[in-house]
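Please read these points with the model open beside you. Find each residue as it comes up, then move on.

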Amino acid sequence: MKKIFLLFSFCFLTFLMFGQTNCTISVSGMKCAHGCAKKVENGLKNIDGVNSVKVDFDNQKAFVVFDESKITDKELVSSVSKIGFKAKLIEEKNKKRSRK
């Protein structure tokens, strides 16, 4: 439970700092914490517009902070599927507007 709280806190703080959008994606089929989870994490991090990714292997979830002007949550889910895992958006995106 503490691990989930820390992951959520990281994503939320990043979300507040950068005024970005975040979402949580269910990722099925990860068999190992190091290989599979890293494959998902690195695959998402390499997408233009993604600012941070944390993959929780134990709960089979990816927490993503991204710039919605460059990519959508549906495209992120599709990208995870293309990497080779079953993916589904499980938490609607939350937006934070940048302060001007």
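1. A residue counts as buried when its relative accessible area is under 20%. By that test, strand β1 is mostly covered, with 7 of its 8 residues buried. Keep in mind that this is a predicted model.

2. Which strand pairs with β1? Strand β3 does, in the antiparallel sense, over 6 bridges. Take C23 as an example: its bridge partner in β3 is V64.

3. Now look at the largest nonpolar core, which has 21 residues. Those that touch the most other members are I25, V27, M30, V40, L44, V64 and L76. At least two core residues come from each of β1 (21–28), α2 (35–45), β2 (50–56), β3 (61–66) and α3. Helix α2 gives the most, with 4 residues.

4. Turn to helix α2. Its buried residues are C36, A37, V40, E41 and L44. Seen down the helix axis, these residues fall within an arc of 130 degrees, so they line one face of α2. What do the buried residues of α2 pack against? They pack against β1, β2, β3 and α3.

5. Helix α3 spans residues 73–83, and D73, L76, V77 and V80 are buried there. They cover an arc of only 100 degrees around the axis, which puts them on the same side of α3. On the other side, K74 and K82 are exposed. Just after this helix, G84 takes a positive phi of about 120 degrees.

6. Stay with L76 for a moment. Leave aside its neighbours within four places in sequence. L76 is then in contact with C23, I25, L44, I47, V50, V64, F66 and I71. Two of these names, C23 and V64, are the bridge partners from point 2.

7. Next, M30. Is M30 buried or exposed? It is buried, with a relative accessible area of 5%. M30 sits in the loop between β1 and α2. Beyond its neighbours within four places in sequence, M30 is in contact with C36, A37, V40, V55, D56, F57, Q60, K61 and F85. M30 and K61 are 31 residues apart in sequence, yet their C-alpha atoms are 9.8 Å apart in space.

8. Check the cysteines. How many disulfides does the structure hold? The count is 0. For C32, the nearest cysteine sulfur is that of C36, 3.6 Å away. C32 counts as partly exposed, at 33% relative accessibility. C36, in contrast, is buried at 14%.

9. Last, Q20, found in the loop between α1 (2–18) and β1. Q20 is buried, with a relative accessible area of 12%. Where does its side chain reach? It comes to the backbone nitrogen of D67 at 3.1 Å. The side chains of Q20 and N51 are also joined by a polar contact of 2.8 Å.

How values were computed: Residues numbered from 1 in each chain as written. Predicted model: local features only at pLDDT ≥ 70, side-chain atom pairs only at ≥ 80, totals over all residues. Heavy atoms only, no water. Buried < 20%, exposed > 50% of the residue type's maximum accessible area, 1.4 Å probe, protein only. Arc of directions from axis to C-beta. Core = buried A, V, L, I, M, F, W, Y, C linked by side-chain atoms within 4.5 Å. Contact = heavy atoms within 4.5 Å. Disulfide = S-S within 2.5 Å. Pairing = 2+ DSSP bridges. Polar contact = N/O pair within 3.5 Å; in protein donor to acceptor, adjacent residues only side chain to side chain.
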